[in-house]
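Please examine the sequence and the three-dimensional model shown here before reading on.

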Amino acid sequence: MKTPIKLAVFDMAGTAIKNDKVVPELLLKAFLQHGFDKLIKEAIHEKMGYAIPEAIKQILASHTTYQPDFSELIVGKIYATFKAEIKKYCRLNPEISPEEDALEVFETLQQMGIKIGLNTNLDRETTNLLLKQIGWKDHPLIDITVCGDEVCKGRPHPDMILQMMAALGIGSPSEIIKIGGTLADILEGQQSGCLMSVGITNPNFSHSELLTAQPTHILGSLSEIIPLVENELTKTPE
């Protein structure tokens, strides 16, 4: 018997919500404010999508100049600065908006009997601020949201998806598809055992970059999810 798709998990900032390069730019700004002025954007780019504290740790630990300065204390300080900066950005930029086809895709999937989940490497306070700003707070087309600070380990670990499974009573990750625009999103889907781990090209990650994580599919827009799911649901069981 064919296993149905019960949940579609979308990355929030950068996939469902327009983000462009805001997160990497603000993270770099946070590093600079604490004196880490030899970091380059490429070092941060490689860790986009990861849980922010973990990204900060890996960036510092891998940079030969800053390895002696690495400590949990400085990680906490940089993370606190980043959170303050992104909250400030949200308040000063009311034009933050969702991807044009996001709600239409959510609605179509719900009509197929598939629940919609959003997850993010951002903290809950920032997430609620973003969701409220674009009118998605408690939106009927979004069944669940999980944030990086609500689990033990964020992306690329499976914890956020496992938490969704527990909350929604989903028995197997093979009933879930994961959609996101970073290497960490793809790895999260793979490590969770999802039926599909789909990459979406965006200003931060090209088709060739996403391909290095070996996703099940790479798409150019959210709307392309629909025919992909329709094809999967109508496929004859082997």
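This is a predicted model: local features need pLDDT of at least 70, side-chain atom pairs count only at pLDDT 80 or more; totals for chains, interfaces and linings use all residues.

Residues are numbered from 1 along each chain as its sequence is written, and side-chain values use heavy atoms, with hydrogens and water left out.

The protein contains ten helices and six strands; helices (H or I, at least four residues) and strands (E, at least two) are DSSP runs numbered from the N terminus. Its radius of gyration is 18 Å, close to the 18 Å that the globule rule gives for 238 residues, so the protein is as compact as a globular protein of that length. That radius is taken over C-alpha atoms, and the rule is 2.2 Å times the number of residues to the power 0.38. Buried residues account for 50% of the 238 residues, where buried means under 20% relative accessible area, exposed over 50%, and partly exposed in between (1.4 Å probe, protein chains only). Among contacts (heavy atoms within 4.5 Å) between residues at least 6 apart in sequence, 68% join residues at least 24 apart.

Helix H1 comprises twelve residues, 22-33, which at 1.5 Å a residue should span 16 Å; its end C-alpha atoms are 16 Å apart, in agreement. The expected span is 1.5 Å times one less than the number of residues. Buried residues of H1 include Val22, Leu26, Ala30 and Phe31, and the buried residues of this helix pack against helix H2 (41-45), helix H3 (52-62) and helix H4 (72-92). Just after H1, Gly35 adopts a positive phi of about 90 degrees.

Thr120 belongs to strand E2 (residues 115-120) and is buried, with a relative accessible area of 2%. A polar atom of the Thr120 side chain lies 3.0 Å from the backbone nitrogen of Leu122. Leaving aside residues up to four places away in sequence, Thr120 touches several residues, among them Asp11, Val146, Cys147 and Arg155.

Cys147 is buried at 0% relative accessibility, whereas Cys152 is exposed at 81%.

Notes. A polar contact is a pair of N or O atoms within 3.5 Å; within protein, one must be able to donate a hydrogen and the other to accept it, and residues adjacent in sequence count only if both atoms are side-chain atoms.
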